[in-house]
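Please read them with the structure open beside you.

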Amino acid sequence: MKLFSRFKPQGGVHPDGRKDLSADRPIRVLPMPERLFVSLQQHVGAPASPVVVVGEKVLKGQLIAASQGNISAPVHAPTSGHVAAIGDYLAPHPSGLPAPTITIEPDGEDCWAALDVPIDPYALEPEEIAKRVAAAGIVGLGGAAFPSAVKLNISRKTNVQTLIINGGECEPYLTCDDRIMRERAAAIVSGIRLIQRAVGCTEALVGIEDNKPEAIAAMREAAKGTDVKVMPVPAMYPMGWDKQMTRALVGKEVPAGGRSSDIGVLVHNVATAYAVHEAVALGRPLISRLVTVSGEAVKIACNLEVPLGTPAQALFDYCGGYAGVPARLVMGGPMMGHEMPNPYIPVVKGTSGVLALTHKEIGQPVPSPCIRCSTCVRACPVGLLPLEMAAHIRVGDLNTSVDFGLKDCIACGSCSYVCPAHIPLVHYFNFAKGELAAKERAKLKQEGTKKLAEARNERMEKIARAREEASRQRAAKKAAQEAAKKAAADAAAAAAPQQEATA
Amino acid sequence: MFVAVASLTTLGLILGLLLGVAARRLAVEGNPLIEEIQAILPGSQCGQCGFPGCAGAAQALVAGEAPVTLCPPGGRDVVAALALKLGIEVDLSGIKDSGPQIAEVKEELCIGCTRCFKVCPTDAILGASKHIHSVFREACTACGKCVEACPTEAIAMRPVPVTLQSWYWDKPEERLAA
């Protein structure tokens, strides 16, 4: 515990955990829903591209959409059945815009495709492990949904020394990581050893918030005899932010704008480690995940193992339906998750929870003017000045807000949570980040079109020059021909009198 | 007295000479500001400003003969950048900005005459004679030349469609408690 006496978490808040609603019920498996809406954009990066056609029979775990480009992830059939449709469907995104989706009608047999199970997974080459992780479509299951194999490959190349397994789960309500650590600790430790081998790092630390004593005990038990170290960290929000976790466990800070690998650290979520074990040791691609169903407006809050593509409504139904009318449906945690416009949004790889919240839980106070109390400054885990950034964004001065560190904001919501004036600070930051990204895109486009315009002008000039040249040549040729003709005529005319004379 | 006059005269002569040499050696051809301004403009030479291409517009801007709001395809961002560069204050709220737009070919009206892609300054239209033409979204600057060229009114400008990748949050409404 000596380490933690030195660690002082920067900023952060202590929201009411509400984890007791679902933490003590064992994981249950959700019965197969009638239809699965498997999104092709479940990860950061390019959407996967379908490799099946409508009407085709698919088996559980069969590849249905292949990854496209460097940062992407493939998608597999969560159960056996047939492809009912390929097209746009509701996406788990705050915009409510649709995403390309493969709809699967399960046949009820849940029949696995042939699985490629290695004899000794721990003897596989590091590249082979990363390849299998990529082929299984594993992405960061903590919510970021960044393709895991990309991280493994970068870390192997940059000689990462420390693997941090993030069991922070600092978001209120969510308990899926807690439950997976309590019930499936051995598989998580196996996954950690596989990731260690894939990256070639010696040290593996599991950081778990100290409000999950059962999970800590289970993980310690499972980690016995391995070099995996389980370390409790103080419970606070956002402890599960990878950089905060890194600071807590190794005492190093990731530079602004940098990656964890810059300081020799790789961070993965516990559920990702579990998925790596499933994929590499058992050959099973990522086709289901643990989802916390919670909130006061749910009858029985619990954790479910859910096939990807299940509409959120099926989860609420299984949990006994709503207790009263929910005021808001949220996908993810209450701090960083987003509102679901309707309950038919499908579960994706990054869905850690679906919440049905009552009016009492959400509270929608009307914002009042900023009194510059600086409570948000103390709450910011990154050390920014949310009040200054928001003030500049409010009047449209985005560049100054960038000077204040807008790009380092992780949108954790701590500032909005503590603001006594109820100013939607994170909303301002999300807007500004989007606006700046749009400007950046427009600038790139302008540069591209400028090059196109220049290329076209050059081409037009070349064509005009070529034409001129051709017409000049034609004229010269014609002149030469005429000259030749004239010369011939002259010669003939000159010859004629001579002939006459000789005659 | 003599020393003062002599030293000042020498000083003046030397400095004058230096200035003269500098003016010759460090002479700048043309106005560099014109090039900088041209870099800000979209460069698609669409001519909507009434000047012959972006170079002409840049010259007019530097000469103060044109307002910074002259470029319709550039929108508000270009106005802001021009005003910053030229040190002019503008009220951006009055400027009409229809947001990013692109041209779209209505396929049922296109007769494949190829007139639009012959005028497109950025080669953003694909097609061949008697085949339906199509617009590359990434290359279209919304200059509107193709709209004028189309004999069947098959091309129209429309806002760039919002996708999952390009969507972002609206600015929070300011509804403060009294």
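1. I begin with A:P238, which lies in the loop between β11 (228-233) and α7 (242-250) of chain A. In this predicted model, the peptide bond that joins A:Y237 to A:P238 is cis, with omega at about 0 degrees. Most peptide bonds are trans.

2. Two residues other than glycine have a positive phi, and A:A145, with phi near 60 degrees, is one of them. A:A145 sits in the loop between α2 (126-135) and α3 (148-157) of chain A, and because its relative accessibility is 8%, under the 20% cut-off, it counts as buried.

3. In chain B, the residue to look at is B:T114, whose phi is positive, near 65 degrees. B:T114 belongs to the loop between β1 (101-105) and α5 (115-119) of chain B, and with a relative accessible area of 7% it is buried.

4. The domain assignment divides chain A into domain 1 (1-30 + 125-286) and domain 2 (366-485), and the centres of these two domains, taken over C-alpha atoms, are 36 Å apart.

5. Between domain 1 and domain 2 of chain A, about 850 Å² is buried, and carbon and sulfur atoms give 61% of that area. Of the area that domain 1 of chain A buries against domain 2 of chain A, 48% comes from A:Q10, A:V13 and A:W241, more than from any other three residues.

6. Across this interface of domain 1 and domain 2 of chain A there are 2 residue pairs in polar contact, while the count of salt bridges is 0.

Conventions
Residues numbered from 1 in each chain as written. Chains lettered and ligands numbered in written order. Predicted model: local features only at pLDDT ≥ 70, side-chain atom pairs only at ≥ 80, totals over all residues. Heavy atoms only, no water. Domains from an automatic or database assignment. Buried area = accessible area lost by both parts, 1.4 Å probe. Salt bridge = Lys/Arg side-chain N within 4 Å of Asp/Glu carboxyl O. Polar contact = N/O pair within 3.5 Å; in protein donor to acceptor, adjacent residues only side chain to side chain. Helix = DSSP H or I, 4+ residues; strand = E, 2+ residues; numbered from the N terminus. Buried < 20%, exposed > 50% of the residue type's maximum accessible area, 1.4 Å probe, protein only.
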